[in-house]
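Please look over the structure before reading on.

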Amino acid sequence: MYGTQSKRDLALEFQSQIPILRPSIHSRRANLTVKFQDLYMFTVEGNVDDVNVLNEVREKVRKQGRVWWALEANKGANWYLEPSISEGIALKSSLKFSTLANAITLKRLIRKGIPPLLRPKVWFSLSGAAKKKSTVPESYYDDLLKAVEGKVTPATRQIDHDLPRTFPGHPWLDTPEGHAALRRVLVGYSFRDSDVGYCQGLNYVAALLLLVMKTEEDAFWMLAVLLENVLVNDCYTTNLSGCHVEQRVFKDLLAKKCPSRIATHLEALDFDVSLVATEWFLCLFSKSLPSETTLRVWDVLFYEGAKVLFHVALAIFKMKEDELLLTHHVGDVINILQKTTHHLFDPDELLTVAFDKIGSMTTNTISKQRKIQEPAVMAELDQRLRRLNSLKLEDK
Amino acid sequence: MARTSNKNIQAKLVVLGDMGTGKTSLVLRFIKGQFNDYQESTIGAAFFTQVLSLNEATIKFDIWDTAGQERYHSLAPMYYRGAAAAIVVYDITTMDSFVRAKKWVQELQKQGNPNLIMFLAGNKVDLEKKREVEFEEGEQYAKENGLVFLETSAKTAQNVNELFYEIAKRLVKSSPPTRPGGMKLHRGSRGTERRLFCCSV
């Protein structure tokens with residue numbers, strides 16, 4: 001019914017054939033823009049320095065892989081999948097010293113990056129996707145696909161429209177096979193949760209999940225756990241209310257966590273942070289950051305939760321603080337932020353700021369902030385709806 | 001280059017319309033002279049700048065190209081707030097997109113800047129065979145609502161530059177020659193540079 005195993009493994013094969021790039025003779029000048037492929041085969045534009053950074057990142061990824069293998073040799077294979085570790089330090093009653101030590105090691109290790117080859121296994125387990133899948137019959141995904149086959153809904157029409165518009169030009173995603181796999185995951189999910197149906201943005205998220213996970217079915221479950229457990233509720237439903245809530249929380253955090261002059265300066269320019277941050281939060285940075293950097297963010301996202309998105313978004317502003325303070329115009333702010341995110345080829349550059357320079361935030365604090373913002377968002381959306389409805393009445 | 005012009009105008013332009021009508025393609029055709037058959041879907045909105053020089057003035061466009069999916073509607077005010085001009089785009093091959101365009105026009109009339117210069121663009125005229133919305137229909141609606149109407153094709157570039165030049169011309173016309181009261185000035189602006197950002201909603 002859907003692709004054979006070999007087809008579904010294609011995405012993974014691409015990862016193993018990562019070539020080392022050498023800037024061509026024509027592009028030796030650092031200010032020249034060159035096109036090259038990154039670790040997940042996305043074509044990106046940058047200068048020769050960017051190519052060099054990317055080659056260093058490949059080397060770091062390999063080194064990090066060796067760290068993980070060494071730990072496996074030491075602590076036993078799958079040590080990080082023990083439930084007591086993956087469920088964190090919350091289970092105080094069963095807390096043993098070794099468990100605690102492992103949990104701390106794991107958190108630190110994940111912030112330094114999960115090797116691409118281990119990502120499918122580690123994500124699937126630590127995110128809760130494995131647990132979610134285990135609560136339904138083995139054939140759930142196949143049955144779902146069978147049940148929705150041939151059905152046409154507004155969501156499926158929009159999905160079909162977006163398939164060739166999702167990372168066009170990618171050597172696997174932009175092929176009939178890639179489109180078909182992405183379609184099954186998105187259509188399947190649109191029937192699993194009809195409140196979400198299909199929301200633009202999910203196409204990019206699901207596409208990257210397909211590239212990382214070994215199988216299409218696992219990508220589906222990752223999408224499910226992301227929307228149902230990891231991210232704020234109603235992030236992608238009809239009026240994106242969850243997304244509005246996150247934007248307000250982010251605005252508050254920016255004033256608190258970054259030097260207040262940044263927030264003051266941006267406000268004076270009439271710059272609303274959601275002008276840029278909406279896309280960051282809805283696509284989970286997949287449209288803004290280079291692929292390996294995005295996936296490093298997701299490594300932590302799946303282990304530590306949605307607060308990670310705030311850490312990363314704040315870090316981007318923080319990194320460019322000085323430049324941002326010199327701007328006189330909204331357009332300049334946006335250009336600086338766009339240029340910064342597109343060139344963040346070194347994930348550590350971003351994540352070091354995100355986790356060492358922002359100060360700690362707990363999931364609890366974020367939840368409280370959300371509770372505070374929710375009524376205001378609901379009131380605003382409701383008021384808007386009423387105004388639009390009054391337009392319709394006048395029309396009649 | 002700037003010597004020939006006596007005015008610098010900074011204007012916020014917002015592009016609205018149903019999903020897949022070619023909003024981003026129109027903007028990219030204007031800015032880069034390029035066209036992709038499959039343009040990445042826009043999430044939230046994309047931001048572009050472009051400078052157009054007319055004899056009378058130089059216009060610096062800040063373009064907000066918005067996402068078309070219905071649920072992104074709730075974000076739109078953030079982008080059209082303070083806009084000096086708007087392009088509402090529909091796809092001549094789908095009637096639904098024309099219906100949606102009318103809704104945008106209504107909303108802008110009610111919520112937007114009262115001096116907003118509004119354009120209606122029926123895009124994809126290269127797909128004449130699949131046409132569902134007749135030229136006259138678009139023209140008629142535009143006339144009734146005081147919009148400037150053009151049929152365009154981002155693919156063949158038909159009427160795309162004309163669209164943006166026409167917007168620029170009207171912006172120049174509507175921009176008062178002297179500093180009026182209540183106009184928001186560019187921070188640290190030099191000389192006659194001024195923004196056409198107007199009152200907020």
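**Interface of chain A and chain B**

Across the interface of chain A and chain B, the rule finds two salt bridges (a side-chain nitrogen of Lys or Arg within 4 Å of a carboxyl oxygen of Asp or Glu). The model is predicted: local features need pLDDT of at least 70 and side-chain atom pairs count only at pLDDT 80 or more, while totals for chains, interfaces and linings use all residues. Residues are numbered from 1 along each chain as its sequence is written, chains are lettered from A in the order in which they are written, and side-chain values use heavy atoms, without hydrogens and water.

*Contact and area*
- Chain A gives 47 residues to the contact and chain B gives 34 (contact means heavy atoms within 4.5 Å).
- About 3500 Å² is buried between the two chains, 55% of it on carbon and sulfur atoms (accessible area, 1.4 Å probe, lost on being put together and summed over both parts).
- In chain A, the residues that lose the most area to chain B are Gln200(A), His329(A) and Arg384(A), together 19% of what that side buries.

*Salt bridge*
- Arg384(A) also forms a salt bridge with Glu107(B), with the closest N and O atoms 3.2 Å apart.

**Helices 11 and 16 of chain A**

- Helix 11 (residues 202-212) and helix 16 (residues 291-304) of chain A pack at about 90°, with axes 12 Å apart (helices are DSSP runs of H or I, at least four residues, numbered from the N terminus).
- The two helices of chain A are therefore roughly perpendicular (65 to 115 degrees).
- Val205(A), Leu208(A), Leu209(A) and Val212(A) in helix 11 meet Thr294(A), Leu295(A), Trp298(A) and Phe302(A) in helix 16.

Key. Axes are lines fitted to C-alpha atoms, for helices over the stretch in contact, and angles run from 0 to 180 degrees between N-to-C directions. Angles under 35 degrees count as roughly parallel, over 145 as roughly antiparallel, 65 to 115 as roughly perpendicular and the rest as oblique.
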